Amino acid sequence: MQEIADVIVDVPTLQTNIPYEFKIPKKFQEDITIGMRVIVPFGKGDRRVQGFITKLKDEQSFDGELKEILELMDLEPVLNQELIHLGEWMAQTTYSFRISCYQTMLPAVLRARYQKIVKLMDKEIADSELFDIFQGKNWLSWEDVEERDLTSKMLKLKKEGKIEVNYLVDDKANKKTKKVIYRKLPINQLKEIYDKISNRAHRQKQLIERLLLLADDEKIEQKTLKHTYEIDTPVINRGVEEGWCEVKEVEVYRDPYEKSDFQHTEPLKLNQEQQVAYDKINGTIQKDKHEVFLLEGVTGSGKTEVYLQSIAEVLEKDQGALVLVPEIALTPQMVHRFKGRFGELVAVLHSGLSDGEKYDEWRKIEKGEAKVVVGARSSVFAPLENIGIIIIDEEHETTYKQSDSPRYHARDVAIWRAKEHHCPVVLGSATPSLESRARASKEVYTLLELKERVNRQALPSVEIIDMREEMKEGNSSLFSKPLKEALVKRLANKEQSVLMLNRRGYSSFLMCRDCGFVLKCPNCDISQTLHMDTHSMKCHYCGHEEAIPKICPSCHSSKIRYFGTGTQKIEEELNKLLPEANIIRMDVDTTRRKGAHERLLQKFGNQEADILLGTQMIAKGLDFPNVTFVGVLNADTALGLPDFRSAEKTFQLLTQVSGRAGRGEINGDVVIQTYNPEHYAIQLAQNHDYATFYLREMKYRHLSDYSPYYFLTSIQVSHENEVTAAKRIQQVAEFINPYLSEQAIILGPTPRFVARTHNKYHFQLIIKYKNEKGLNEGLHKLLNSTQKEQAQGLTIKIDPQPNQFL
Ligand SMILES: Nc1ncnc2c1ncn2[C@@H]1O[C@H](COP(=O)(O)OP(=O)(O)OP(=O)(O)O)[C@@H](O)[C@H]1O
Ligand SMILES: [Zn+2]
Ligand SMILES: [Zn+2]
């Protein structure tokens with residue numbers, strides 16, 4: 001029996017980024033295991049601190065008296081040996097703390113302070129010894145267990161399968177609700193009341209003004225009234241008393257899959273290209289061999305069917321499968337494909353689930369009941385014990401990289417785990433990231449290609465419209481002539497259309513026509529965006545929200561106007577243009593409520609609308625056979641951004657969205673409106689020509705020393721004081737320089753593109769390198785030497801392979 005435990009304590013500093021040793025109390029020695037959480041005495045005054053056991057051993061290496069573990073937090077491990085190792089590797093490669101890596105791997109319920117109980121299994125209730133311990137109930141609170149020193153007893157019972165641990169995730173706390181206010185009287189009656197109220201009751205009048213703007217069954221959130229208009233509860237209550245408004249509590253979301261029943265599907269007969277890909281993947285599955293495949297398949301080529309049949313093989317071997325998809329593509333349609341094939345064996349993890357529901361899914365996986373895990377980025381940590389395949393769909397998606405600490409890339413984690421499990425990884429995409437495609441060229445990954453759509457459907461034909469020409473011909477509207485005609489034709493044929501507004505790098509802001517004033521966020525160096533649904537201005541960086549100014553705050557002119565085009569504006573224009581069309585609008589505003597995204601897509605899928613209008617979120621994964629036309633309103637808003645990946649992202653987006661057209665019997669058409677018709681990203685998207693795009697873009701990356709020819713790591717320094725931040729980044733550059741060889745290149749330091757957010761100034765430098773032995777050490781030393789400052793309001797972020805340069 002081992003007497004010493006290595007523990008990573010929950011004190012995120014560098015000194016504690018290595019395990020500390022503790023003595024294991026006798027009573028726990030028999031049953032304690034790696035991956036359990038414990039409470040240990042730590043630091044000055046022996047503070048009670050949480051920690052994870054990472055190792056059990058006989059001999060201590062610390063020279064001195066060891067402290068004893070105080071308590072156990074778990075009766076069984078929450079992390080397995082593999083995940084413990086993974087955390088160590090992640091901390092090293094992402095310059096983060098092991099403790100934050102471990103916390104990231106756990107479902108929220110285990111991280112937050114939910115009440116924990118131990119529950120007697122039903123069959124044990126009659127046991128007389130247990131009857132006494134449990135004092136005649138079938139459960140005990142964890143506090144009780146600790147107070148009565150029953151932890152070691154519980155450990156034994158758990159091992160014997162007589163009890164289980166539950167977290168009391170209060171259903172009420174789970175079902176999020178919000179308060180909304182609405183009018184109780186018709187508009188004319190409310191106006192009469194308004195006129196009678198004394199002008200001194202300023203807030204009262206303001207509330208009525210706001211209510212008068214609401215449509216008949218429209219409601220406004222109490223939160224918005226408070227934050228945007230400073231209308232407090234007493235003002236509202238007064239309105240309720242006087243009978244002209246009403247407050248109601250409504251549920252914010254419900255589980256979108258609750259009522260779905262999934263029809264069972266059978267494997268389809270693979271076409272020849274699919275068969276070749278499947279055979280290669282299956283070969284490695286059968287041999288328990290690790291290999292990374294890049295499945296490059298045009299849109300609608302049936303990549304998903306290849307995934308499904310590979311997973312079936314894995315299940316046959318009694319192993320599990322991990323499938324990552326971008327959060328936004330986690331639609332009912334996607335879930336349906338997996339549940340339809342594998343039924344109850346599928347666990348789905350996505351942000352639409354409550355903490356309790358997520359924990360339930362996690363437990364199903366942990367207990368081995370669910371063998372196929374489908375989920376967004378963080379599902380890559382799912383506690384599957386015996387993994388037979390890991391699939392990453394739409395592998396080029398930037399959301400697979402976490403932008404906050406720990407800044408891991410799910411693709412790297414997936415490959416790490418697959419090595420550990422001796423199993424294949426399949427990276428699927430119609431437009432692979434340049435990094436992955438380059439690795440396939442060098443045969444680090446194995447390239448598998450699906451060049452044709454299933455059943456040899458044609459890829460849609462794409463027309464590029466030069467909006468400058470349209471302008472010259474006197475059409476200054478948002479819709480070019482060919483786009484209009486295409487929509488009219490689809491309407492007449494009862495076919496569906498998808499219209500995309502590219503919002504990246506795009507904003508709709510307020511500007512004063514007299515003095516040019518633009519309403520900026522008080523905390524950030526960026527203009528605020530107008531939101532018509534909440535009738536307010538919002539900052540997309542920090543969430544600041546304020547009322548829409550009626551006069552210019554700078555020159556007091558009333559000619560303050562809205563500039564730029566949002567989806568709402570387009571919807572209005574579209575309604576004028578095609579009054580008979582049914583339109584579904586999908587953007588941040590209409591999908592804010594949980595489950596709304598799914599419901600809107602379901603409606604469109606049921607053909608309850610003619611046009612689906614939306615932002616990037618409609619570009620991915622949708623498979624609706626009746627869609628025969630796709631229009632892109634503005635292809636090029638991202639091209640001007642200072643991001644070396646902007647052409648790649650534009651090409652990917654255009655190809656993805658075009659791919660939504662013509663997936664059924666009828667061929668599809670696409671119209672792309674642009675001001676840069678000669679740009680290669682747009683030209684090549686026209687021909688769905690990924691191969692040429694890849695070569696062309698690689699040339700540019702080579703000339704400018706960017707990824708995948710060079711690795712990049714960015715260092716960002718932020719501080720409230722601009723001078724402090726500027727000085728400090730300069731010092732960082734000097735600090736890191738001696739660790740670099742001649743080959744490495746430092747870009748900057750420079751202010752970030754968005755130089756100030758959250759009231760802080762940001763500076764960055766970018767290190768480009770190929771093979772730098774000293775860099776890792778240098779970066780860790782940098783973190784180490786800046787710890788004190790970090791506690792005092794200066795932040796230093798090290799981001800390996802960053803996505804964002806803005
Ligand atoms: N072998 C097959 N025979 C008949 N139909 C198939 C076959 N394989 C796939 N399909 C069908 O073809 C359609 C397109 O397949 P799927 O959505 O998997 O393509 P994809 O490559 O994932 O596309 P995208 O990248 O555009 O999302 C689906 O409706 C699917 O059921
Ligand atoms: Zn802001
Ligand atoms: Zn002005």
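**Strand pairing, burial and ligand shell, term by term**

Q: What makes S13 and S15 a pair of strands, and in which sense do they run?
A: In this predicted model, S13 and S15 share 4 bridges in the parallel sense. Pairing requires at least two bridges, so S13 and S15 count as paired.

Q: Why is S13 called largely enclosed?
A: Of the 5 residues of S13, 5 are buried, so the rest of the structure largely encloses this strand. Gly320, Leu322 and Leu324 point one way, whereas Ala321 and Val323 point the other way. In a regular strand, side chains alternate between the two faces of the sheet.

Q: Why are S14 and S18 said to stand at the edges of the sheet?
A: The open sheet has 7 strands, in the order S14-S15-S13-S16-S17-S12-S18, with parallel pairing. S14 and S18 (446-450) each have a single partner strand, so one side of each has no neighbour in the sheet. Direction ignored, neighbouring strands of this sheet are turned by 15 degrees against each other on average.

Q: Which strands does helix H13 lie across, and at what angle does it run to S18?
A: Helix H13 (residues 272-286) lies across S12 (292-297), S16, S17 (425-429) and S18, and runs at about 150 degrees to S18. Helix H17 (residues 410-421) also packs on the sheet, where it touches S12, S13, S16 and S17. The direction of H17 makes about 160 degrees with that of S16.

Q: Why is Cys245 called buried?
A: Within 10 Å of Cys245 there are 24 other C-beta atoms. The cut-off is 20 or more, so Cys245 is buried. Cys245 belongs to strand S11 (residues 245-251). Its contacts, leaving aside neighbours within four places in sequence, include Ile181, Tyr182, Leu211 and Val240. The C-alpha atoms of Cys245 and Ile208 are 8.8 Å apart, although 37 residues separate the two along the chain.

Q: Which residues of helix H15 are buried, and what covers them?
A: In H15 (residues 332-342), the buried residues include Met334, Val335, Phe338 and Phe342. The cover over the buried residues of H15 includes helix H14 (303-316) and strands S13 (320-324), S14 (346-349) and S15 (372-375). After H15 comes Gly343, with a positive phi near 50 degrees.

Q: What makes up the shell around ligand 1?
A: The shell has 4 nonpolar, 10 polar and 4 charged residues. It is formed by 18 residues, of which the closest are Thr299, Gly302, Lys303, Thr304 and Glu305. H14 supplies the largest share, 3 residues.

Q: How do you know how confident the predictor is, and where does pLDDT stay under 50?
A: The protein chain averages a pLDDT of 86, and 93% of the residues score at least 70. The stretch under 50 covers residues 171-175, for which the model has 5 contacts beyond four places in sequence. For the model, ipTM is 0.93 and pTM is 0.81.

Notes: Residues are numbered from 1 along each chain as its sequence is written. Chains are lettered from A and ligands numbered from 1 in the order in which they are written. This is a predicted model: local features need pLDDT of at least 70, side-chain atom pairs count only at pLDDT 80 or more; totals for chains, interfaces and linings use all residues. A residue is buried if 20 or more other C-beta atoms lie within 10 Å of its own, exposed if 12 or fewer, and partly exposed in between; C-beta atoms are placed from the backbone. Helices (H or I, at least four residues) and strands (E, at least two) are DSSP runs, numbered from the N terminus. Two residues are in contact if their C-beta atoms, placed from the backbone, lie within 7 Å. Axes are lines fitted to C-alpha atoms, for helices over the stretch in contact, and angles run from 0 to 180 degrees between N-to-C directions. A residue is near a molecule or strand if its C-beta atom, placed from the backbone, lies within 6 Å of it. Ala, Val, Leu, Ile, Met, Phe, Trp, Tyr, Cys and Pro count as nonpolar, Asp, Glu, Lys and Arg as charged, and the others, Gly among them, as polar. pLDDT is the predictor's confidence in each residue, from 0 to 100.
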